[in-house]
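I opened a notebook for this structure. The entries are in the order of my look-ups.

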Amino acid sequence: MALTKQDRRLRIKRRIRKSIAGTAERPRMSVFRSNKQISVQIIDDLSGKTIVAASSLIKDIAEKTTTKLEQAELVGQAIAEKAVAAGITSVVFDRNGYLYHGRIKSLADAARNSGLKF
């Protein structure tokens, strides 16, 4: 029996999470993408705490955007600004089972251009 898209993504996610973990020095940047929105969290896995988060539901981003790709870029810039303000410069990127393409790539590139290293 063939896997559904969701099952396939969850399998990939589990495979990625075996080797990726966030520490206090280099936390994990986890991306979630739905059909309409995109959100990202910077997580310290050792303490189990979310340090910084950004989403396309933030008022500034929700008012500006026209396409989902632009939305992802703005979220990437926002998370990078918040992370740098919190003293985080380097992260481990967790694409959460999504292909590194489209909105995920756009978010990652915007975060890199705004000062995050991964």
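**Basis.** I am working from a predicted model, in which local features need pLDDT of at least 70, side-chain atom pairs count only at pLDDT 80 or more, and totals for chains, interfaces and linings use all residues. Residues are numbered from 1 along each chain as its sequence is written, and side-chain values use heavy atoms, with hydrogens and water left out.

**Entry 1: ring pairs.** I searched the whole structure for aromatic pairs and got two. I counted rings of Phe, Tyr and Trp (its six-membered ring) as paired if their centres lie within 6.5 Å; planes under 30 degrees apart are stacked, over 60 edge-to-face, and the rest tilted. Phe93 and Tyr100 have ring centres 6.2 Å apart and planes at 85°, so I noted this pair as edge-to-face. Phe93 and Phe118 form a stacked pair, with 5.1 Å from centre to centre and 15° between the planes. Phe93 is in strand β4 (residues 92-94) and Phe118 in the segment after α4 (103-113), so this pair ties together parts 25 residues apart in sequence. For these names, helices (H or I, at least four residues) and strands (E, at least two) are DSSP runs, numbered from the N terminus. The ring pairs link Phe93, Tyr100 and Phe118 into a cluster.

Buried means under 20% relative accessible area, exposed over 50%, and partly exposed in between (1.4 Å probe, protein chains only). Phe93 is buried at 15%, Tyr100 is partly exposed at 34%, and Phe118 is partly exposed at 24%.

Entry 2: Ser56 sits in the loop between β3 (49-55) and α2 (59-64). Its relative accessible area is 1%, so I put Ser56 down as buried. Which side chain does the side chain of Ser56 meet in a polar contact? It is that of Gln37, at 2.5 Å. A polar contact here is a pair of N or O atoms within 3.5 Å; within protein, one must be able to donate a hydrogen and the other to accept it, and residues adjacent in sequence count only if both atoms are side-chain atoms.

I also listed contacts, meaning heavy atoms within 4.5 Å. Not counting residues up to four places away in sequence, Ser56 touches Gln37, Ile38, Ile61, Ala62, Gln71 and Val75.

Ile38 lies in strand β2 and is buried, with a relative accessible area of 1%. Leaving aside neighbours within four places in sequence, the contacts of Ile38 include Ser56, Val75, Arg103, Ile104 and Leu107.

**Entry 3: helix α4.** Arg103, Ile104 and Leu107 are among the buried residues of α4. The cover over the buried residues of α4 includes β1 (28-33), β2 (38-44), α3 (68-85) and β4. After α4 comes Gly115, with a positive phi near 120°.

**Entry 4: the largest pocket.** I looked up which residues of the lining are closest to the centre of the largest pocket: of 13, they are Lys5, Arg9, Arg33, Gly97 and Tyr98. α1 (5-19) and β1 each supply at least two lining residues, and α1 gives the most, with four.

Definitions and conventions: On a 1 Å grid over the protein atoms alone, a cavity is a set of points where a 1.4 Å probe fits but cannot get out, and a pocket is an open set with protein on both sides within 12 Å along at least five of seven lines; lining residues have an atom within 4 Å of a point.
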